[in-house]
Amino acid sequence: MQFSCNGEQFEVDAAPGESLLSVLRERIGVVSPKDGCAPQGQCGCCTVLVDGEPRVACVTPMARVAGKSVLTVEGLDAAVRDDLAARFVATGGSQCGFCTPGILVRLAAAEAKGKTRRVDLDRALAAHLCRCTGWQTIFEAIEAPNARPATSTAGRDPSAAADRAELEGGGPQLVGPLVPLGDGGFADDGAPRDALVAVPFPPGSTADAVDAAGSSWVVADSLLEARALAGKVQGRRTTVEPEPPLELPDLAPADLRLADRGLGGVRLATSWVEPGYLEPDASWCAPGGEPATPLANGGAFGGKVVSPAGAAARELADRTGRTVRVVFAREDVVRLGPKRPPMAATATFDGTVVHVRGTVVGDATPFTAPIAWPYAVEERGEWTGTTALGPATASTLRAVGLAERAVLLEGALTVAHADRLTLVRDARGASVLLDSCVAVESGALAGARVAVDDAGHVERVHVRVAAGDPLDDVVLRSYAIGAAHMALGWVLTEGLAVDPETGEVHDLTIRSFGILRAKDTPAIEVEIVDDPGAPRARASDAVFAAVAAAAWNAVSDADGARPEMFPARETRAAAALRR
């Protein structure tokens, strides 16, 4: 088949049914279109222009492209491309940069047609997912200049911006115009295309398996062949709603007696939650070499800390004597990647002490670690770890333990009608106190307020954050907005349906995770508090926990009660976000 890509003519022998994305990445080496979910067609990371119209490349058969012109982000008019990239850097509209090449391509087409009203952008971004930024900074990058915040690339120190990104994300991260163009150095982008390819061995496959790094792999000469041999099937989405695997505990008799004193308690059970990072696990390694890290640009919210991709690439390369690529599909990430640990707990406030009793699936250590709460109250926790049929969990994910405990503590104080202002420990706490206040180990603080309208729908989130020297306000603000977006999803919409009898995950499509879409995300205001001192890490973890706590206290179900399960899909707020 003959076609042109970015003005250059190509002729390829495409396999029957092979997608445009496969031809671009695997055959001609154009890697700016990213494979976030192929062939689900749901994340938008592989969006390109075909004869000027946006197309999701992973679901576009190559047969439909024969004789046509394809433009990726590299092929856009240089002035348009560079302007878009600069605007995304200026607003913080790109963090890891995996989703943004496809978004930039679609927005370039929208701008060319003059379709930049908010309703047009809502429609355009409906084809995309972004996990990092919380969408708001992306809207700001594309809307009229007077609608954007007063941010600019002028006068910013790229190294300081990268340092703040690393403090927040937990891994090295570039900040600059190459990142929104998809050139952040992702593991699979730099892999030799003539390498052997290994993919995880899926359940029920009849292919020959090779054991390495504690897992089984299907190895072949190409990604297309490896996935065909493995019998990769299209991901699916169930109609079953996610349910917490642990039973909602009863409040103890002593807790119930507190009601006579105007106090009381809360209880909560959470479901399995997918971290939702968009770049699937990947690595490659030459014989005797060091494997490419799956965390090449961004921290994946702690989800790839235990990824087997790198170790498998090294072992398979040494055994075969050839360079080996290890590539996960989206379904592999869902089946094999760790989830946020579900928990079930109660919390009560007796006037001086918050008593928490809970059970968590997996490691309970983060739930028992000391936390310097910004309130002059004592937290006494009794947590136990347990097992449940379902996917693996990880304590390395964003704010695990911290966020759950913050939600319970704030809920108990709110139920008790405690005067939270009198409980603040110091001036730094007071400086960020809104409807919730959370500190992390570094000393960073965040407070949050979630406003709901008369119908009970979330309409605005206000965040205040103190992180010492911010290093770069744009990056810190972007991370805070992204953390707030993730927190709203965790409380209201995100969850995985898991078969309680087999532990099998039924939600394998990226859209089934419940991540908030662009048009459903409320306005998020971020105020960076003057906080003299050294830069403090993980401020966005504090934002995540604070927004989750404020959201739980702000929303209610049809009976006006605080929901007792996450995701709280029966609330009016969640219904509005999923409209």
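Tutor: Two strands count as paired if DSSP finds at least two bridges between them. The model discussed here is predicted.

Student: In β2, which residue stands opposite F3?

Tutor: Strand β1 covers residues 2-5 and strand β2 residues 8-11, and four bridges join the two in the antiparallel sense. Within this pair, the residue of β2 that stands opposite F3 is F10.

Student: Which residue takes a positive phi in the hairpin of β1 and β2?

Tutor: Two residues lie between the strands of this hairpin. The positive phi, near 55°, belongs to N6.

Student: In which sense do β1 and β5 pair, parallel or antiparallel?

Tutor: Strand β5 spans residues 69-71, and two bridges link β5 to β1. S4 stands opposite S69 in β5. While β1 and β2 run antiparallel, the sense for β1 and β5 is parallel.

Student: Which residues of β15 point the other way from S436 and V438?

Tutor: In a regular strand, side chains alternate between the two faces of the sheet. Strand β15 covers residues 436-439, and all four residues are buried. S436 and V438 point one way, and the other way point C437 and A439.

Student: What is the bridge partner of A439 in β16?

Tutor: β15 and β16 (residues 445-452) run antiparallel and are joined by four bridges. Five residues lie between the strands of this hairpin, among them G443, with a positive phi near 100°. The partner of A439 in β16 is L445.

Student: What is the volume of the largest pocket?

Tutor: Its lining has 45 residues, with L397, R398, A399, R538 and D541 lying nearest the centre. The elements that give two or more residues to this lining are α6 (158-169) and α16. By class, the lining holds 26 nonpolar, 11 polar and eight charged residues. The volume is about 810 Å³.

Student: Which element gives the largest share of the lining of the largest cavity?

Tutor: This cavity has a volume of about 130 Å³ and is lined by 17 residues, with G92, S94, Q95, V175 and V475 nearest its centre. The elements giving two or more residues to that lining are α2 (78-91) and α15 (473-492). The largest share is four residues, and its source is α15.

Student: How many charged residues line the second largest cavity?

Tutor: The volume of this cavity is about 110 Å³. Its lining includes R131, E274, R340, R398 and E494, along with W490 and F544. Arg and Glu count as charged, whereas Trp and Phe count as nonpolar. By class, the lining has seven nonpolar residues and no polar ones, and its charged residues number five.

Note on methods: Residues numbered from 1 in each chain as written. Predicted model: local features only at pLDDT ≥ 70, side-chain atom pairs only at ≥ 80, totals over all residues. Heavy atoms only, no water. Buried < 20%, exposed > 50% of the residue type's maximum accessible area, 1.4 Å probe, protein only. 1 Å grid on protein atoms, 1.4 Å probe; cavity = no way out; pocket = protein on both sides within 12 Å on 5 of 7 lines; lining within 4 Å. Points joined across faces, edges and corners; volume = space filled by probe spheres on them.
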